[in-house]
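Welcome! Take a moment to look over the sequence and turn the structure around before reading on.

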Amino acid sequence: MADRTSSSITINASAPEVMAVIADFPAYPGWAEGITAAEVVSTAEDGRADQVRITLEAGPIRDTYVLAYDWAGDDAVHWNLAEAGTMLTGMTGAYRLAPADGSTEVTYELAVDVRIPMIGMVRRKAEKRIIETALKGLKRRVEA
């Protein structure tokens, strides 16, 4: 898997409030740009999603894949590609939450591998765009 790209944003809410939005996968099409469907395939004993089938339509990239999630309470969630789609061959990522003066600092890390050859610089730029869009959407959703 390639090096991860990451970025952070401060959200005016508690970590449990932020994590509740992150964990609400069926609502993703309403705020996560490019995601047209997010179906929970299985849940863990704590009731949070263990595997989620995602349908992505972002410009020319259209794919459906399954992500496996590992939750660390309201502090972090990590995921990796459990079932590849037609375009994606690998994905790892994480949301890490930390208290920040009554708010929550959210860091999003992402590394994606695709079937088509892609120069590292171009891949990192695409990952950065995905991360920035997701963090802004998450902030809007949580603070609404």
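## A word to start with

A residue is called buried when its relative accessible area is under 20%, exposed when it is over 50%, and partly exposed in between. With 13% relative accessibility, W71 therefore counts as buried. Please keep in mind throughout that this is a predicted model.

## The chain as a whole

Let us begin with the overall layout. The chain has two helices and seven strands. Followed along the sequence, these elements come in the order β-α-β-β-β-β-β-β-α.

How does the radius of gyration of the chain agree with that of a compact globule? For 144 residues, a compact globule would have a value near 15 Å, and the chain has 15 Å, so the two agree. Along the principal axes, the C-alpha atoms fill a box of roughly 45 × 35 × 25 Å. Of the 144 residues in the chain, 42% are buried. The accessible surface comes to about 7,600 Å², and carbon and sulfur atoms account for 51% of that area. Contacts also reach across the sequence: among those between residues at least 6 apart, 48% join residues that are at least 24 apart.

## A hairpin to find

Now look for strand β2, which covers residues 35-43, and strand β3, which covers residues 49-58. These two strands pair in the antiparallel sense over seven bridges.

Together β2 and β3 make a hairpin, with five residues between them. The turn includes G47, which has a positive phi of about 90°.

## Aromatic rings

A pair of aromatic rings is described by how far apart the centres are and by the angle of the planes. How many aromatic pairs does a search of the whole structure find? The search finds nine. One of them joins F25 and Y28: this pair is tilted, with 5.0 Å from centre to centre and 35° between the planes. F25 has a relative accessible area of 0%, so it is buried. Y28 is buried too, because its relative accessibility is 8%.

Another pair is made by Y69 and W71, with ring centres 6.0 Å apart. Their planes meet at 25°, which means that the pair is stacked. Y69 is buried at 11% relative accessibility, and W71 is buried at 13%.

## From the loop into strand β7

Finally, visit the loop between β6 (88-100) and β7, where D101 lies. Most residues other than glycine have a negative phi. D101, however, has a positive phi near 50° and is not a glycine. Is D101 buried or exposed? Its relative accessible area is 84%, so D101 is exposed.

Strand β7 spans residues 103-114, and S103 is found in it. S103 counts as buried because its relative accessibility is 12%. Which side chain does the side chain of S103 meet in a polar contact? The partner is the side chain of N12, at 2.9 Å. Leaving aside residues up to four places away in sequence, S103 touches T10, I11, N12, A13 and A98.

How values were computed. Residues are numbered from 1 along each chain as its sequence is written. This is a predicted model: local features need pLDDT of at least 70, side-chain atom pairs count only at pLDDT 80 or more; totals for chains, interfaces and linings use all residues. Side-chain values use heavy atoms; hydrogens and water are left out. Helices (H or I, at least four residues) and strands (E, at least two) are DSSP runs, numbered from the N terminus. Buried means under 20% relative accessible area, exposed over 50%, partly exposed in between (1.4 Å probe, protein chains only). A polar contact is a pair of N or O atoms within 3.5 Å; within protein, one must be able to donate a hydrogen and the other to accept it, and residues adjacent in sequence count only if both atoms are side-chain atoms. Contact means heavy atoms within 4.5 Å. Rings of Phe, Tyr and Trp (its six-membered ring) pair if their centres lie within 6.5 Å; planes under 30 degrees apart count as stacked, over 60 as edge-to-face and the rest as tilted. Two strands pair if DSSP finds at least two bridges between them. The radius of gyration is taken over C-alpha atoms; the globule rule is 2.2 Å times the number of residues to the power 0.38. Accessible areas come from the Shrake-Rupley method with a 1.4 Å probe; for residues, only the protein chains shown count as cover.
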